[in-house]
Amino acid sequence: MRDPRLERRIEAALCPGEFISAQDSFDLVEALESVRNSIAALLPREAKRAAALCETFLAGCSAKADEVDDSHGNFGDFAQSLICDWVRARRADGRDAAQTVQTLLRWKAKDEHSFFCRIERQLAETFNRVERAAFIGAIRARFDEELKKAGGTGGPRPHYDAPYPLREATDMLKTIYEAAKDAAAYVDLCHVMGVSPKDCERIAKILQSRGKLGQALEWVEKGLHLESQQKWPNQDASGLGGVKRELLKGLGRHQEALQQTWEEFRSHPGEYSYVDLMGCVPAADRTTWHEKAMEAAETASLGSCVELYMKARELNRLAARVSRSKDEELRGIYYSRAIDAAKKLAKEHPAEAAALYRGQAIHILDSKKSELYRSAVKYFSEARRCYEAAGQGEKWRGLVKSVLQEHSRKQSFLAKFQPLASGEKPVREPSFLTRAKRRWNSGE
């Protein structure tokens with residue numbers, strides 16, 4: 001069934017023959033979404049027409065894919081949404097669920113552009129009960145076939161050691177079972193393919209959503225035990241601790257939840273672990289626990305605690321840590337954290353703010369990042385301003401002397417730094433648009 005009017009809109013929106021940069025891909029997808037919405041508006045009365053248009057649209061996206069820099073992934077996300085629209089349209093048209101699933105699997109097998117990569121979760125949310133059962137049946141048949149090729153059951157095996165076709169079928173089944181909140185089916189699969197900490201986390205969340213908190217906690221404990229026994233490739237089960245905390249609170253075991261959160265904070269003091277800790281502390285005890293947390297943070301590196309001190313509004317403690325930190329530690333703080341902290345400290349603790357600005361500027365020079373020399377000069381300028389505010393002009397002069405001696409060969413940097421070093425007042429850098437207009441008007 002052809003639909004010339006909407007097909008022309010699809011073709012125009014896809015801009016055939018034109019390469020789309022990563023930045024322009026957002027505009028491309030916005031135009032595609034407009035056409036997609038027009039197709040969705042055909043449901044449910046013109047479901048057959050909508051399904052045909054979705055399929056045409058997908059064919060167009062596949063042909064366009066090589067002309068799109070999809071670094072941001074939004075073009076692929078759009079294609080996955082379109083696939084789910086196609087499923088809805090076929091359902092509204094009364095099409096056979098098994099046939100829909102077989103078509104999806106055929107498309108997935110010949111997918112050259114990763115449109116179907118990890119689409120099982122979206123499909124699970126799109127499918128109705130009949131479609132989900134058909135999908136599980138098809139994947140389970142494939143799983144059984146691949147398992148037989150791999151030598152049969154033979155007891156639980158590490159998932160990541162299995163041949164790729166078997167791993168792929170296993171992952172698809174786990175995703176669909178998780179979305180369907182079918183803990184029993186997920187556990188049965190783990191009996192065959194082995195269980196990882198991430199599997200334990202997923203099963204625990206399914207059981208938690210069904211109110212089975214005690215069983216969920218058993219799976220969390222199992223996951224934590226497995227995680228402590230060995231390293232798991234390509235596995236991120238970092239959410240186990242958070243799930244355990246919520247389960248303990250749900251079971252009324254608040255003291256245990258608090259103790260666990262405290263141990264996590266002591267192991268990794270930081271902004272987020274501090275928020276988790278305070279969330280477990282009774283309101284009347286927060287001052288006491290806050291002080292305990294600040295004392296524990298003293299043993300961690302400054303770089304890991306900068307955001308914690310700012311979150312906790314402990315600028316005096318932050319300043320104290322900065323003042324007794326060596327230059328190497330100050331240079332090692334991630335730049336955005338260091339600059340944010342320097343801005344916060346500049347008014348009440350200018351000397352410490354100057355040390356942070358100095359550390360970031362020196363880090364740029366030591367790293368020989370010539371493209372950032374402009375930023376280094378800016379940080380030196382801020383350091384000078386803070387030293388002067390703190391009445392420590394001699395430290396600024398000492399810094400200038402050491403920079404000129406140690407980086408005398410960086411001519412492109414020195415050309416920008418010399419005016420500042422000679423005592424001239426900092427010149428405010430023209431804005432990007434001001435520089436652009438000057439260049440435009442000069443005809444360069």
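A polar contact is a pair of N or O atoms within 3.5 Å. The close-up views below come from a predicted model.

View 1. T175 is placed in helix 8, which covers residues 164-179. A polar atom of the T175 side chain lies 2.9 Å from the backbone oxygen of D171. T175 has a relative accessible area of 12% and is therefore buried, since buried means under 20%. Apart from neighbours within four places in sequence, T175 is in contact with E120 and R121. E120 falls in helix 6 (120-126).

**View 2. Helix 8 packed with helix 9.** Helix 9 spans residues 183-193, and its axis is 9 Å from that of helix 8. The two helices pack at an angle of about 160°, so helix 8 and helix 9 are roughly antiparallel to each other. Helix 8 passes helix 9 in a left-handed crossing. From helix 8, the residues that meet helix 9 are L166, T170, L173, K174, Y177 and E178. Their partners in helix 9 are A185, Y186, L189 and M193. Sorted by class, the contact of helix 8 with helix 9 has 7 nonpolar, 1 polar and 2 charged residues.

**View 3. Helix 8 packed with helix 10.** Helix 10 is made of residues 197-209, and it packs with helix 8 at an angle of about 20°. The axes of helix 8 and helix 10 are 10 Å apart. The angle makes helix 8 roughly parallel to helix 10. The crossing of helix 8 past helix 10 is left-handed. K174, Y177 and E178 of helix 8 meet D199, R202 and I206 of helix 10. This contact of helix 8 with helix 10 has 2 nonpolar, no polar and 4 charged residues.

**View 4. V187 in helix 9.** V187 is found in helix 9. With a relative accessible area of 16%, V187 is buried. Not counting residues up to four places away in sequence, V187 touches I203 and W219. The C-alpha atoms of V187 and C200 are separated by 9.2 Å, and the two residues are 13 residues apart along the chain.

**View 5. Helix 11 packed with helix 12.** Two packed helices are described by the angle between their axes and the distance between the axes.

**View 6. The buried residues of helix 12 and the residue G252.** The buried residues in helix 12 are L240, G241, V243, K244, R245, L247 and L248. These buried residues pack against helix 10, helix 11, helix 13 (254-267) and helix 14 (271-280). Just after helix 12, G252 takes a positive phi of about 80°.

**View 7. The cis peptide bond between L43 and P44.** L43 and P44 are joined by a cis peptide bond, with omega about 0°. P44 is found in the loop between helix 2 (25-40) and helix 3 (47-64).

**View 8. R118 in a loop.** R118 is placed in the loop between helix 5 (97-109) and helix 6 (120-126). Phi of R118 is near 55°, which is a positive value in a residue other than glycine. At 69% relative accessibility, R118 counts as exposed.

**View 9. K368 in a loop.** The loop between helix 20 (350-366) and helix 21 (373-389) holds K368. K368 is a residue other than glycine with a positive phi, near 55°. Its relative accessibility is 63%, so K368 counts as exposed.

Terms used
Residues are numbered from 1 along each chain as its sequence is written. This is a predicted model: local features need pLDDT of at least 70, side-chain atom pairs count only at pLDDT 80 or more; totals for chains, interfaces and linings use all residues. Side-chain values use heavy atoms; hydrogens and water are left out. Axes are lines fitted to C-alpha atoms, for helices over the stretch in contact, and angles run from 0 to 180 degrees between N-to-C directions. Helices (H or I, at least four residues) and strands (E, at least two) are DSSP runs, numbered from the N terminus. Angles under 35 degrees count as roughly parallel, over 145 as roughly antiparallel, 65 to 115 as roughly perpendicular and the rest as oblique. A crossing is left-handed if the near helix is turned anticlockwise from the far one by less than a right angle, and right-handed if clockwise. Contact means heavy atoms within 4.5 Å. Ala, Val, Leu, Ile, Met, Phe, Trp, Tyr, Cys and Pro count as nonpolar, Asp, Glu, Lys and Arg as charged, and the others, Gly among them, as polar. Buried means under 20% relative accessible area, exposed over 50%, partly exposed in between (1.4 Å probe, protein chains only). A polar contact is a pair of N or O atoms within 3.5 Å; within protein, one must be able to donate a hydrogen and the other to accept it, and residues adjacent in sequence count only if both atoms are side-chain atoms.
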